[in-house]
Amino acid sequence: MFWTFKEWFWLERFWLPPTIKWSDLEDHDGLIYVKPSHLYMTIPYAFLLLIIRRVFEKFVASPLAKSFGIKETVRKVTPNTVLENFFKHSTRQPMQTDIYGLAKKCNLTERQVERWFRSRRNQERPSRMKKFQEACWRFAFYLVITVAGVAFLYDKPWLYDLWEVWNGYPKQPLLLSQYWYYILEMSFYWSLLFRLGFDVKRKDFLAHIIHHLAAISLMSFSWCANYIRSGTLVMIVHDVADIWLESAKMFSYAGWTQTCNTLFFIFSAIFFISRLIIFPFWILYCTLILPMYYLEPFFSYIFLNLQLMILQVLHLYWGYYILKMLNRCIFMK
């Protein structure tokens, strides 16, 4: 059954234009083409990034946070077995009747029980140090990958002429720079996904899960169908704004309000330009309209653009929150 499914999954009509076979994308004459097996390396590299992140947070982010005046706070709570069991196994927000019963059981006043639960909830809240470390790591990665992306793309013709994205498709050989750009980006998103349960949980937690899964799915699919050229354009458009967001967060946790606001305004401008102008009117135009001059519509073309449109919906979702924050900054002081 597994082999039957595998053969069906890799049918050429799902991945390649009509008349193109997988055999057409075999390595030859020193030219290397993408292979799905290349993506296996993203998992061990993701764990390697988690190790690097741990070292970075300890030896770079923590000293940097302390230089900004951020201290590791330890919130102490008086040990109480009865209250701790209720907190872990029942609820963190006890009703008044629960507080009354717990107070009787522990020989405490209701006020003391309420204070204990409030302190215990505060103990669960992530510290500013932890938030700073996470933001600092993401800032460092986005900075490095953006600089690398610019270095990889600046001399590529498809960066300046979108028609070149589809010139010769799908018989476009894989470049070493493209390989590492994709592998590092995918490994990073895998590492973020692996850490979601341990990182600070935010209001857009579900959106982050959808975003990471969509990003991994999109990059994996574009790799297997050899949409590498358009994929590199999508990645650089996304990474360029995230540097400013993470740097704004770092200064926010450090209490540098004016610097944070300035960086957030820069981020907002780059976000709206890159994801609400360039992405729909440049990237989507490139992947949705231009292929029609070269090819007839086929499955992977439709599936690719469906994923990109889901990504655009997420851009609009985050754009809404950014506008709300800008409104608070500008009109509500």
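Residues 24 or more positions apart account for 81% of the contacts in this protein with a separation of 6 or more, where a contact means heavy atoms within 4.5 Å. Keep that figure in mind as we walk through the fold. The model is a predicted one, in which local features need pLDDT of at least 70 and side-chain atom pairs count only at pLDDT 80 or more, while totals for chains, interfaces and linings use all residues. Residues are numbered from 1 along each chain as its sequence is written, and side-chain values use heavy atoms, with hydrogens and water left out.

Let's begin with the overall picture. The protein has 13 helices and zero strands; here helices (H or I, at least four residues) and strands (E, at least two) are DSSP runs, numbered from the N terminus. Its pattern along the sequence is therefore α-α-α-α-α-α-α-α-α-α-α-α-α. The C-alpha trace spans about 80 × 55 × 35 Å along its principal axes. Of the 333 residues, 45% are buried, meaning under 20% relative accessible area, with exposed meaning over 50% and partly exposed in between (1.4 Å probe, protein chains only).

Now for the surface. The protein exposes about 18,700 Å², and carbon and sulfur atoms supply 65% of that area. Accessible areas come from the Shrake-Rupley method with a 1.4 Å probe, and for residues only the protein chains shown count as cover. There are 37 positive and 24 negative charges, and their mean positions lie 15 Å apart. Lys and Arg count as positive and Asp and Glu as negative, while His and the chain ends are not counted. Each charge is placed at NZ of Lys, CZ of Arg, CG of Asp or CD of Glu.

In helix α4 (residues 81–89), L83, E84, F86 and F87 are buried. They sit on the same side of α4, because they cover an arc of only 165° around the axis; the arc is that of the directions from the helix axis to the C-beta atoms. Exposed residues T81, K88 and H89 are carried by the face of α4 turned away from its buried side. An α-helix has 3.6 residues a turn, so residues three or four places apart point the same way.

After α5 comes N107, whose phi is positive, near 60°. Q93 and E114 are 21 residues apart in sequence, and their C-alpha atoms are 9.3 Å apart in space.

Next, look at T42 in helix α3 (residues 42–67). T42 is buried because its relative accessible area is 2%. Not counting residues up to four places away in sequence, T42 touches I183, M186, S187 and W190. With W190 there is also a polar contact of 3.5 Å between the side chains. A polar contact is a pair of N or O atoms within 3.5 Å; within protein, one must be able to donate a hydrogen and the other to accept it, and residues adjacent in sequence count only if both atoms are side-chain atoms.

Our last stop is the backbone. Most residues other than glycine have a negative phi, and most peptide bonds are trans. T19, in the loop between α2 (12–15) and α3, has a positive phi near 80°. T19 counts as exposed because its relative accessibility is 72%. N226 also has a positive phi, of about 65°, although it is not a glycine. N226 lies in the loop between α10 (205–224) and α11 (228–254) and counts as buried because its relative accessibility is 2%. Leaving aside neighbours within four places in sequence, N226 is in contact with V34, Y169, P170 and Q172. Two of these partners, Y169 and P170, are joined by a cis peptide bond with omega of about 0°. P170 itself is found in the loop between α8 (157–160) and α9 (176–195).
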